[in-house]
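Dear colleague,

A summary of the findings follows it.

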Amino acid sequence: MKDANFLKEHNARHLWHPMAHPADSLANPPEIIVGGQGVRITDVDGHEVVDAVGGLWNVNLGYSCAPVKQAIANQLDKLPYYSTFRGTTNDAVIVLSEMLRDFFAPDGLSRAFFTSGGSDSVEIALRLARQYHKVRGEPGRIKYLSLKKGYHGTHTLGASVNGNANFRTQYEPLLPGCYHVAAPYTYRNPYNETDPARLAQLVLGDIEDEIKFQDPSTIAAFIMEPILGAGGVIPPHESFMPGVRALCSKYGILLIADEVITAFGRSGSWTGSRHWGVQPDLMCTAKAITNGYFPFGAVMVSDAVAAVFEEDTTGKAAIGSGYTYSGHPVGAAAAIAAVQETLRLNVKDNAAERGAQLFAGLQDLSDRYELIGDVRGGHGLMCALEVVADRATKTPIDKGTASKIQKAAYEAGAMVRVSGPNIILSPPLVLEAADVDTILSALDTGFSAVS
Ligand SMILES: Cc1ncc(COP(=O)(O)O)c(C=O)c1O
């Protein structure tokens, strides 16, 4: 590897960063991370911090997960690649599909379609939803409904159901037939409603209104995150997702749970759908499925949806979707080891306990810093602080102040993520109590730097 001077000199010079302005990356070069151990990362200057971002919501088991590393190395030696397109398969992917069938049995999901990541999983789920209705003989069901503030990756179908202008405006025109309703976001919503239960009912009322307005026989699927993640960690009231499930069932619409973040324990339950007592028709997974060590994902399919495809005799159910890396044996081997470790360590319980500690500590910080307008969390290790210039008007914080908080927190020992006005926390699920304290005291330093 080149030395630190070379890396700093060339930082962001000849690569464009996702979700960043190229000029900003040049003016404010990104931290160069060169090492990771446990729940900590080390930068090019040797500065070590707790990674409160968990890679990008994916390194649930931390950076030292030997079984996943070993599984990848072993699989590379044995069979580094073979396709799963019609006519061939590989042993690792068969074993993984059986393991996932068991893992997702309580969610009513039994078939897996493998992908290369979260955006791919969303794309496949949306495509399969339309195909399901065509195979069943309702080809007019082609529209999608989703939530504002939702994040579903950046492929064009996913961006079309995304609920944040940042991922849409510069890429328009997006796909026609995608309609959005307000998120159950108590801090800001068009109804001026702060009570979560009442807000859930208002949004559900709007969803039903939109379904009727569009005509239910034109709608293929409703896609939602059980807890909105990248949009700023917005947990809905417990009645919300069951309410969406009931509406989908009433009107023959498929419910797609986008669990790219929430599957595998992050919410304190094994899946976000299970957290709310809901069984979706399709589920998108990725990220933690390999602990972030290999780009991989799976769309899980319910028995009822699977039956429509598997019992088709017309040929319409032939799946005309897939990727060269669907079912990649190295990814599958990584996923087998990651799911085994996830279960062995029972990380969902630690996510719930450490998540409660983190959420309480954040509430404590908000008692001390006026800049903190809203604290969200309370469901495992996914929390956010919404930072405002003024609590009364809820004016969002400017970018410079948010960066200063982030920078000072980093110097004080924790990597946190700033996204718009939100500081988002999604640390590894193997975090210990002392690590939570480190994150909280780093944030304390961050806020005191600008207060
Ligand atoms: C809920 C959700 N869906 C989809 C995606 C897209 O996943 P990827 O970045 O792996 O394409 C993400 C990424 O953060 C996500 O949070």
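The domain bounds used here come from an automatic or database domain assignment. Please note that this is a predicted model.

On that basis, the protein chain is divided into domain 1 (31–61 + 346–450) and domain 2 (67–344). The C-alpha centres of domain 1 and domain 2 lie 27 Å apart. Their contact takes 29 residues from domain 1 and 26 residues from domain 2. On the side of domain 1 that touches domain 2, the elements giving two or more residues are α3 (54–57), α13 (347–368), β11 (372–376), β12 (383–390) and β16 (422–425). Helix α13 provides the largest share of that side, with five residues. By class, the side of domain 1 that touches domain 2 comprises 12 nonpolar, 12 polar and five charged residues.

The largest nonpolar core has 128 residues, of which Ile256, Leu282, Val299 and Ala334 touch the most other members. Helix α12 (residues 329–344) gives the most to this core, namely nine residues. The core draws at least three residues from each of domain 1 and domain 2. Leaving aside neighbours within four places in sequence, the contacts of Val299 include Phe113, Ile124, Leu128 and Leu282.

As to the ligand, 14 residues surround it, and the closest are Gly117, Gly118, Ser119, Gly153 and Val260. Helix α6 (residues 118–136) gives the most to this shell, with three residues. By class, the shell around the ligand has six nonpolar, six polar and two charged residues.

Yours sincerely

Definitions and conventions. Residues are numbered from 1 along each chain as its sequence is written. This is a predicted model: local features need pLDDT of at least 70, side-chain atom pairs count only at pLDDT 80 or more; totals for chains, interfaces and linings use all residues. A residue is near a molecule or strand if its C-beta atom, placed from the backbone, lies within 6 Å of it. Helices (H or I, at least four residues) and strands (E, at least two) are DSSP runs, numbered from the N terminus. Ala, Val, Leu, Ile, Met, Phe, Trp, Tyr, Cys and Pro count as nonpolar, Asp, Glu, Lys and Arg as charged, and the others, Gly among them, as polar. A nonpolar core is a set of buried Ala, Val, Leu, Ile, Met, Phe, Trp, Tyr and Cys residues joined through C-beta atoms within 7 Å. A residue is buried if 20 or more other C-beta atoms lie within 10 Å of its own, exposed if 12 or fewer, and partly exposed in between; C-beta atoms are placed from the backbone. Two residues are in contact if their C-beta atoms, placed from the backbone, lie within 7 Å.
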